[in-house]
Amino acid sequence: ASVRDAPPFDAATAEPDAAPPAAADALAPDAAGARPLPPALAWCGHQWPPRVRVTVGDPTPELFARVWWAPDFAEGAAARVQVGHGPVGTSPDAPGWVFAPAEPNADCANCGDEREFKAVLTFAAPAERDLAWRLVVPGYDPLFCDRRDAGRAGSADGYDPDDAVRVVARAARLVVVTLNLRCLQDDWPARLPLLIAAVADADPDLVALQEVCRDPEGEPDALPLLVEGWAALTGRAYVTRRLETHRAFDAWDEGVAVVSALPVVDEVSVLLPAERLPRGVVAVRVETALGGLVFASTHLAAEADQADVRAEQAAAALRTVDYLSGRQDWSLLLGDFNEIPEGPAPRAMVAAGLRDAWAEVHPGEAGPTFPSAAPTRRIDYVWLGADESVEVIGAERLLDFAVDGVRPSDHLGVRVDLR
């Protein structure tokens, strides 16, 4: 077990490749020791998380490393364990690296003859840095260590910048993604790892999912499989909310869902007006760096002759968002609208004062999202409430690739960055 009460220390730096500030001189690398520290005497490796994404001014998640040293060697030699960060792709003994003390984690229950150390970093400015640990023993060169997961061996095979933990500190912003999963169709076992890797790489704070399916007997269930995969790659904890609406392909229970890396403080799920397949919206209220947010996922009717129904469904979804926000929070309504921007439902969103995130960043660009193999129509949207204090700073399509002929979904996802 790892406790979560380590006090943060400030090891802030400027942009990558900048020299450390004068205040960090005490944390600068020690002078080279007299000789290399042999593996028979000591070893270290980064334990968790596999990468770090943090908002400027906020503490990182706790960082953990494991260290081993020969009995009676390092204690008597006044060993110190430190964590540091420096310019991407460089060795930790290069200029621009700063280090600070780590503290022992006395509550590690499964460490055996290893010792666990922990620390927290805080960045004062936007930065992209590599993270490393070092074991400092007087009379020896510092021992630097990278990751020890997925076949990596920490310091045992030397420090390699390609095996370093990447730290990205960004200004206060929010990253959201919407994606139709294509249920469990089209070789789900092959698609699952592609979905996990691509969405984890985007590292969204909130995800709106459509066609979220599970076998009514229990397995497979797309939602926990995706969330477990994302957590393993991002090091973040997620909560989920889902609404199942109907049986899909005469085989699976289908619905919509929200995945949040932020605590959910309120929620509501509503079935929408429908003439054929039931449809729904699931909405959550979360606290973000940009203020209280209502975030909702929906999936409107798919049939070509259901344009009027889609307009009614879009209006009902918007009323749900307004109900949960009390018109005091800003809001995001995301999903598969099954219509191009000129259709009745998107036009109703614009008429209601909502902002089309893609159109704000790419005015005049079609941005088709379906079908993913050769997109011709933009039917997946991120709609913002009328709050002009939130700025759309990026919008891009995701999942536009195939591996051995397999695509992650029949839709492209949409990622939007906000501040």
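Asp410 counts as buried because its relative accessibility is 18%; buried means under 20% relative accessible area, exposed over 50% and partly exposed in between, with a 1.4 Å probe and protein chains only. This is a predicted model, in which local features need pLDDT of at least 70, side-chain atom pairs count only at pLDDT 80 or more, and totals for chains, interfaces and linings use all residues. Residues are numbered from 1 along each chain as its sequence is written, and side-chain values use heavy atoms, with hydrogens and water left out.

**Asp410 and its surroundings**

- Asp410 sits in the loop between strand S23 (392-398) and strand S24 (413-418). Strands (E, at least two residues) and helices (H or I, at least four) are DSSP runs, numbered from the N terminus.
- Its side chain makes a polar contact with the side chain of Ser409, at 3.3 Å. A polar contact is a pair of N or O atoms within 3.5 Å; within protein, one must be able to donate a hydrogen and the other to accept it, and residues adjacent in sequence count only if both atoms are side-chain atoms.
- Not counting residues up to four places away in sequence, Asp410 touches Asn180, Arg182, Thr369, Phe370, Pro371 and Ser372. Contact means heavy atoms within 4.5 Å.

**Backbone features**

- Phe370 and Pro371 are joined by a cis peptide bond, with omega about -10 degrees. Pro371 lies in the loop between helix H5 (357-361) and strand S22 (380-384).
- The peptide bond from Trp48 to Pro49 is also cis, with omega near -5 degrees. Pro49 is in the loop between strand S2 (42-48) and S3.
- Asn338 is not a glycine, yet its phi is positive, about 55 degrees. Its place is the loop between strand S20 (330-336) and helix H4 (344-351). Asn338 is buried, with a relative accessible area of 14%.
- Asp404 has a positive phi near 55 degrees, and this residue too is other than glycine. It lies in the loop between S23 and S24. Asp404 is exposed, at 78% relative accessible area.

**His85**

- His85 belongs to strand S5 (residues 80-87). It is buried, with a relative accessible area of 0%.
- The side chains of His85 and Arg129 make a polar contact at 3.1 Å.
- His85 and Asp141 are 56 residues apart in sequence and 18 Å apart in space, C-alpha to C-alpha.

**Nonpolar cores**

- The largest nonpolar core has 30 residues, of which Leu181, Leu209, Leu226, Trp230 and Val259 touch the most other members. Such a core is a set of buried Ala, Val, Leu, Ile, Met, Phe, Trp, Tyr and Cys residues joined through side-chain atoms within 4.5 Å.
- Elements giving two or more residues to this core are strand S13 (174-180), helix H1 (188-202), strand S14 (206-214), helix H2 (222-234) and strand S16 (252-260). H1 gives the most, with 8 residues.
- Leaving aside neighbours within four places in sequence, Val259 contacts residues including Leu206, Leu209, Val227, Trp230 and Tyr238.
- A second, separate core of 29 residues includes Val81, Val83, Leu121 and Leu131.

**Pockets**

- The largest pocket has a volume of about 600 Å³. On a 1 Å grid over the protein atoms alone, a pocket is an open set of points with protein on both sides within 12 Å along at least five of seven lines; a cavity is a set where a 1.4 Å probe fits but cannot get out; lining residues have an atom within 4 Å of a point. Grid points are joined across faces, edges and corners, and a volume is the space filled by probe spheres set on the points.
- This pocket is lined by 30 residues, with Arg53, Pro61, Arg236, Ala261 and Leu262 nearest its centre. Strands S3 (52-55) and S18 (279-288) are the elements that give two or more residues to the lining. S3 supplies the largest share, 4 residues.
- The lining of the largest pocket divides into 14 nonpolar, 5 polar and 11 charged residues. Ala, Val, Leu, Ile, Met, Phe, Trp, Tyr, Cys and Pro count as nonpolar, Asp, Glu, Lys and Arg as charged, and the others, Gly among them, as polar.
- The second largest pocket has a volume of about 280 Å³. Of its 18 lining residues, Glu211, Phe249, Arg279, His299 and Ala302 lie nearest its centre.

**Cavities**

- The structure holds 3 cavities of 30 Å³ or more. The largest cavity has about 40 Å³ of space.
- Residues lining the largest cavity include Glu275, Arg276, Arg279, Glu303 and Gln306.
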